[in-house]
There are 2 protein chains.
Amino acid sequence: MVQPPILRSVEKKVPDQEMTAEAKRDAHAPKPLRADAQRNRDRLVEVAAQAFATDGVDASLEEIAKRAGVGIGTLYRHFPTREHLVEVVYRREVEGLCHAAEELAREHPADVALELWMQRFVDYIATKRGLATSLRLLLTTNSTLFSDTSGRVSGAMRSLIEAAAAAGKIRADVDASDVMHALGGIYSAPNTPDWRERSGRLVKLLMDGLRFGARG
Amino acid sequence: MVQPPILRSVEKKVPDQEMTAEAKRDAHAPKPLRADAQRNRDRLVEVAAQAFATDGVDASLEEIAKRAGVGIGTLYRHFPTREHLVEVVYRREVEGLCHAAEELAREHPADVALELWMQRFVDYIATKRGLATSLRLLLTTNSTLFSDTSGRVSGAMRSLIEAAAAAGKIRADVDASDVMHALGGIYSAPNTPDWRERSGRLVKLLMDGLRFGARG
DNA sequence: CACTAAAACGGAGGTGCCTCCGTTTATTTA
DNA sequence: TAAATAAACGGAGGCACCTCCGTTTTAGTG
């Protein structure tokens with residue numbers, strides 16, 4: 001059953017670097033998806049994120065599959081339970097938030113970047129609220145998820161704040177965790193229809209406070 | 001539209017005391033159920049408790065209704081969501097546990113009462129584990145439920161211990177919350193098949209420790 | 001006791017969940 | 001490029017959830 005090595009001087013695919021990459025993957029393999037599978041999976045997450053935001057966690061999975069243009073079976077192969085899907089959507093949201101921090105920092109003055117990011121943070125919280133019950137369960141059950149995400153988010157904010165302070169765009173005597181704490185108010189605010197506007201104003205106010213007495 | 005007061009000297013029903021009772025009820029009215037309704041409700045809780053214990057929280061509600069000899073509609077009228085039913089079953093379990101404490105104290109020597117009660121406590125924990133995910137959610141959502149129940153249970157144990165200590169059946173230098181803490185080990189123990197026996201032995205061991213050095 | 005209003009019953013039916021498996025598609029090999 | 005094979009697709013079917021409303025039962029009244 002062992003393949004005889006005939007003219008194998010050039011291994012068609014899988015050169016050394018790729019071997020290494022594969023070996024690394026094997027440690028905690030998320031598996032290399034086939035091209036179409038990856039496409040469908042991405043599409044599902046995309047649509048699910050939208051659906052959860054609009055209709056809450058109880059959005060119909062069959063509807064999500066339909067809107068993503070795949071069969072319900074495909075959805076279930078990728079995400080055996082609703083929680084799996086929720087978790088992935090949530091992680092994606094966190095990912096996006098952290099990525100946005102880097103991008104904003106690159107494209108804007110430090111204080112503007114911070115403000116824009118905090119505005120985006122409001123959206124993030126909105127998602128988190130939408131997923132509330134499921135997330136609470138997930139976050140107590142799956143402690144990795146909790147430490148991963150909360151660490152990454154607060155880390156992203158910390159660097160934005162430090163950068164803005166270093167650039168003299170905001171006062172230097174503020175602690176990142178204090179700001180995070182202030183933003184916490186958004187989370188616990190009541191669920192009124194004008195919640196979004198209200199939170200937006202809170203962020204602006206907070207920024208004014210941060211800019212007050214800045215060096216430059 | 002105002003009824004003229006003709007010969008209303010004796011208001012057939014609703015004498016003064018009942019008025020008062022009704023007024024009191026109105027404060028946080030659980031409403032006076034019609035006889036048949038009460039019967040059905042009791043039956044449902046009874047059956048549900050059994051079903052949850054056997055099949056976990058995901059027991060089929062339709063099956064529960066059937067076994068209770070009522071229609072599914074009746075179940076849903078009494079308990080709009082699965083969580084409502086879970087909560088009631090759980091409260092009933094707590095109730096039973098506390099009631100057992102009084103009863104055992106009446107019918108047995110103080111130390112025996114304590115031991116028997118702790119054995120029953122094992123059953124209670126078993127239920128709690130069965131309902132785990134739902135309960136966790138309920139207990140974080142509905143904080144009243146948490147404080148109510150945990151307070152009552154630890155209170156029941158406290159009085160059993162104090163009685164036993166006062167009667168000289170167990171040593172007097174133990175703190176009730178320490179014993180409660182020791183029992184906590186039951187809860188966090190792994191979910192092996194011999195869990196019940198194991199926990200039973202733990203209780204016995206604990207009792208030996210408590211009896212050691214008792215006055216009488 | 002007969003009557004009636006109010007309350008409770010119960011199950012048909014519409015919807016979503018999830019599994020299973022025959023069909024289709026991507027990738028590899030010759 | 002064609003054939004082979006591994007992987008992914010997708011939807012039919014079966015089950016549970018839950019709502020809605022016509023029917024039945026209870027409790028009060030004359």
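**Domains of chain A**

I looked up the separation of the domain centres in this predicted model: over C-alpha atoms, the centres of domain 1 and domain 2 of chain A are separated by 26 Å. Domain 1 spans 34-80 and domain 2 spans 82-211, with bounds from an automatic or database domain assignment. Ten residues of domain 1 and twelve residues of domain 2 form the contact (C-beta atoms, placed from the backbone, within 7 Å). On the domain 1 side, helix α2 (residues 35-55) of chain A gives the largest share, five residues. I noted nine nonpolar, one polar and no charged residues on that side (nonpolar: Ala, Val, Leu, Ile, Met, Phe, Trp, Tyr, Cys, Pro; charged: Asp, Glu, Lys, Arg; polar: the others, Gly among them).

**Conventions**

Residues are numbered from 1 along each chain as its sequence is written, and chains are lettered from A in the order in which they are written. Local features need pLDDT of at least 70, side-chain atom pairs count only at pLDDT 80 or more, and totals for chains, interfaces and linings use all residues.

**Chain B on chain A**

I found that a rotation of 179° with a shift of 0.2 Å along its axis superposes chain B on chain A, with RMSD 0.1 Å (least squares on C-alpha atoms of residues with pLDDT of at least 70 in both). The two copies are thus related as by a two-fold rotation axis. B:Leu137 has the C-alpha nearest the axis in chain B, 3.4 Å from it. Both copies use the same surface, as 100% of the contact residues of chain B recur in chain A.

Methods:
Contact = placed C-beta atoms within 7 Å. Helix = DSSP H or I, 4+ residues; strand = E, 2+ residues; numbered from the N terminus.
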